[in-house]
Amino acid sequence: MDIFAHFFWTYAIFRKTKKPFLAAFFGILPDLLSFGVLFVINFFSGKSFVRGPPDPTAIPRYVTQSYNYTHSLIIFLIILLIIYLLTKKFYIFLLGWPLHILIDIPSHTSRFFPTPFLFPLSSYTFSGINWGNPWFVKINYSLLLIIYIFIFRKNIAKLYKQIKN
C-alpha cells in the first residue's frame, strides 16, 4: 500500500490514543527506512521519478535488504521486546509498525516486493492484490474518506452550524 494510505489508516485506528501522530509515523516507518533512503538519494542526485513500479533491476540491494527487516513481524517483535526490557514500558504507538506489515501482506503480490513478514525465520510470502491497481486505490481511498467523514462528523456538524449562522 502507498505511504499516504498507511499514514491515514494508522491514524484512524490509533486516533484515540495519546500519540496518534506518532503511531501514524510508525505506520509509515517501514517504507521510510527502505524506500525513503532511495527516494532521498534519487532526489539529490537529480534522477527523474517514474510513475508506477520501478524496474526491479534498478533497485539497489540495500533497499531489498532493509525492506526485509522493516517488513518483518519477527524483527518487530524482537525490537519491541528489547524496548520493553530496556524501559519496562509498552508504547502503544509502536503498534503502527506491525499494522503496516499486516496491511501490506494482502496488498502486495509476489511479483513486486511481497511482504517478508516471517523474515528471517522463513522466506514465505503471500501473493495478494496489487495495491497499485486503480480499482484497489479507488476502494481504499473511498473507504478512508468514509472513515474520516465518520470520525470528523461532529466537527463537520459544528462547522456547518457556524457557516449557517
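This is a predicted model: local features need pLDDT of at least 70, side-chain atom pairs count only at pLDDT 80 or more; totals for chains, interfaces and linings use all residues.
**A colleague's note on this helical chain**

1. Let's start on the outside. Five residues, Leu81, Tyr84, Leu85, Phe90 and Ile92, make up a nonpolar patch on the surface. Taken together, they have about 500 Å² of accessible area.

2. Now zoom out to the whole protein chain. What does its secondary structure come to? The count is seven helices and zero strands. Going along the sequence, you read the pattern α-α-α-α-α-α-α. As for dimensions, the C-alpha trace spans about 60 × 45 × 35 Å along its principal axes.

3. A word on how to talk about helix pairs before we meet some. Two packed helices are described by the angle between their axes and by the distance between those axes.

4. Take H1 (residues 3-14) and H5 (residues 96-104). Their axes are 10 Å apart, and the packing angle is about 125 degrees. The crossing, where H1 passes H5, is right-handed. On the H1 side, the contact is made by His6, Trp9, Thr10, Ile13 and Phe14. H5 brings Gly96, Leu99, His100, Ile103 and Asp104 to it.

5. Next come H2 (residues 20-45) and H5. Here the axes come within 7 Å and cross at roughly 50 degrees, which makes H2 oblique to H5. This crossing is right-handed. Look for Ala23, Phe26, Gly27, Ile28, Pro30 and Asp31 in H2, where they meet Gly96, Trp97, His100 and Asp104 in H5.

6. Then there is H4 with H5. Are these two roughly parallel or roughly antiparallel? Their packing angle is about 170 degrees, with the axes 10 Å apart. Angles over 145 degrees count as roughly antiparallel, and therefore H4 and H5 are roughly antiparallel to each other. From H4, Leu73, Phe76 and Ile79 meet Trp97, Pro98, Ile101 and Leu102 of H5.

7. Have a look at the loop between H4 and H5 too, as that is where Lys88 lies. What is phi of Lys88 near? The answer is 60 degrees, a positive value in a residue other than glycine.

8. Which peptide bond is cis? The bond from Phe119 to Pro120 is, with omega near 5 degrees. You'll find Pro120 in the loop between H5 and helix H6, the latter covering 134-151.

Definitions and conventions: Residues are numbered from 1 along each chain as its sequence is written. Side-chain values use heavy atoms; hydrogens and water are left out. Patches are made of residues with over 30% relative accessible area and no salt bridge: like charges are joined within 9 Å, nonpolar side chains (Val, Leu, Ile, Met, Phe, Trp, Tyr) within 5 Å. Accessible areas come from the Shrake-Rupley method with a 1.4 Å probe; for residues, only the protein chains shown count as cover. A salt bridge is a side-chain nitrogen of Lys or Arg within 4 Å of a carboxyl oxygen of Asp or Glu. Axes are lines fitted to C-alpha atoms, for helices over the stretch in contact, and angles run from 0 to 180 degrees between N-to-C directions. Helices (H or I, at least four residues) and strands (E, at least two) are DSSP runs, numbered from the N terminus. A crossing is left-handed if the near helix is turned anticlockwise from the far one by less than a right angle, and right-handed if clockwise. Contact means heavy atoms within 4.5 Å. Angles under 35 degrees count as roughly parallel, over 145 as roughly antiparallel, 65 to 115 as roughly perpendicular and the rest as oblique.
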